[in-house]
Amino acid sequence: MSVIRFLHTGHLRLGAAPGGLADSPGWLRQLSANAVRRAVLHLFETAGREDASLILVHGATAGTNADTEAACVWLNDNFAPLRKQGLRLVTIDDSDHPSPLNQAFDIVLRPNEGLAVSRTHNQLRLQPLTETHSHVDLAILPDGHEVPSSTTAWRIPDRSRTVTLPADTIQPLTPAEHSCGGAALVSADTTSAHVTVQQIPMAVLRYETEQIDLRGDVSASEVAERIPGQTDIQPARQGQTVVVDWILNATIEASAADLGALRPTHLLQQLRSRFQGGHTGIWPRSISFGPEARIHLSKEAAGTDTFRWLAGDSRFLRETTDALILQPNGLVSLEDIIQAVCCLESAA
């Protein structure tokens with residue numbers, strides 16, 4: 001059986017750092033500053049451990065063009081031990097200008113150029129793929145016609161099956177990036193044409209947004225207690241920290257005095273304490289109320305000036321026989337209503 005194994009990943013973006021951590025503790029900001037380099041080092045460690053023959057980087061090497069030369073120096077120094085073991089580093093360069101990528105990569109392909117992988121006497125040979133190749137065990141080529149340009153296709157010649165997979169960035173940089181951060185370990189049996197793909201997490205920091213629906217009526221004091229037991233989020237590997245934005249839907253029973261404790265800033269402090277300030281592998285970045293969130297206030301609040309004012313605007317509050325119900329609408333969020341009520345109460 002002849003198996004060729006390689007790791008396939010997207011952007012490295014060395015020189016960049018994940019953001020969105022303005023009010024995080026110092027250790028987490030330091031982790032963010034080193035996150036991209038640590039993720040790339042984890043990629044290299046994984047390649048050695050999994051006996052891969054090459055790493056294919058289908059994305060930007062540096063965070064900016066100005067960082068490219070420094071990124072290549074760092075890559076070359078840190079990849080050198082694996083290169084001595086026979087592992088090769090390959091990338092695709094879509095730049096029209098000369099770049100220093102050849103300093104760090106064994107092969108630099110053009111955007112529409114494929115890679116020919118062949119094995120002779122247990123030695124692996126890598127070359128840019130051309131029509132003149134008479135024997136190729138595995139062809140790896142960018143496929144920008146029917147799939148995104150960041151996708152690589154690989155095929156075993158004389159076989160009908162072509163496998164395609166989008167390249168995942170090694171380390172997400174913002175919550176807006178919908179990426180887990182990782183690489184695909186591809187194992188291609190050139191005899192049977194069987195191909196397996198295993199996704200391996202690499203990111204040091206991962207961003208997640210999760211909706212939490214608390215069932216039944218929940219007291220104001222229970223909100224922060226119940227969220228840790230409801231979340232499905234866990235670090236994908238040891239040493240990873242997940243930065244979480246929670247959207248909370250719940251029916252909360254509260255008194256007027258409880259509203260201050262339901263402000264997102266207060267809930268966030270409690271959640272961060274429950275997750276040991278991020279040392280459990282989860283850092284609560286924000287919490288907000290979802291469209292189904294409601295706060296049921298006791299009728300005693302109806303006599304205050306604040307709630308008489310609110311009751312005059314049905315966009316903010318509904319009155320039933322048992323409770324006053326604070327609810328969001330398309331223009332005003334529940335957290336804004338809570339903040340307004342707290343401000344009015346403190347000014348009274």
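# Close-up views of a predicted model

View 1. Helices (H or I, at least four residues) and strands (E, at least two) are DSSP runs, numbered from the N terminus. The model is predicted: local features need pLDDT of at least 70, side-chain atom pairs count only at pLDDT 80 or more, and totals for chains, interfaces and linings use all residues. Residues are numbered from 1 along each chain as its sequence is written, and side-chain values use heavy atoms, without hydrogens and water.

**View 2. The second largest pocket has 18 lining residues.** Nearest its centre lie Ala52, Ser53, Gln85, Gly86 and Leu87. Its volume is about 390 Å³. A pocket is an open set of points on a 1 Å grid over the protein atoms alone, where a 1.4 Å probe fits, with protein on both sides within 12 Å along at least five of seven lines; lining residues have an atom within 4 Å of a point. Points are joined across faces, edges and corners, and the volume is the space filled by probe spheres set on them. The lining holds eight nonpolar, six polar and four charged residues. Here Ala, Val, Leu, Ile, Met, Phe, Trp, Tyr, Cys and Pro are nonpolar, Asp, Glu, Lys and Arg are charged, and the others, Gly among them, are polar.

**View 3. Helix α4 (residues 223–230) has three buried residues, Val223, Ala224 and Ile227.** They cover an arc of only 90° around the axis, so they sit on the same side of α4. The arc is taken from the directions from the helix axis to the C-beta atoms. Buried means under 20% relative accessible area, exposed over 50%, and partly exposed in between (1.4 Å probe, protein chains only).

**View 4. Ile55 belongs to the largest nonpolar core.** This core has 39 residues. Leu43, Phe44, Ile55 and Leu75 have the most contacts inside it. Elements that each supply at least two residues are α1, α2, β2, α3 (68–84), β10 (182–189) and β12. α2 gives the most, with seven residues. Apart from this core lies another, of 34 residues, among them Trp246, Ile287, Phe289 and Cys342. A nonpolar core is a set of buried Ala, Val, Leu, Ile, Met, Phe, Trp, Tyr and Cys residues joined through side-chain atoms within 4.5 Å.

**View 5. Ile55 has contacts beyond its neighbours within four places in sequence.** Its partners there are Leu7, Leu43, Phe44, Ala47, Phe79, Leu87, Arg88, Leu89 and Val90. Contact means heavy atoms within 4.5 Å.

**View 6. Arg13 and Asp51 have positive phi values.** Most residues other than glycine have a negative phi. Phi of Arg13 is near 60°. Arg13 lies in the loop between β1 and α1 (26–33). Arg13 is buried, with a relative accessible area of 14%. Phi of Asp51 is also near 60°. Its loop runs between α2 and β2 (54–57). Asp51 is exposed, at 59% relative accessibility.

**View 7. Pro128 sits in strand β6.** Pro128 is partly exposed, at 33% relative accessibility. Val117 is eleven residues away along the chain, and the two C-alpha atoms are separated by 8.8 Å.
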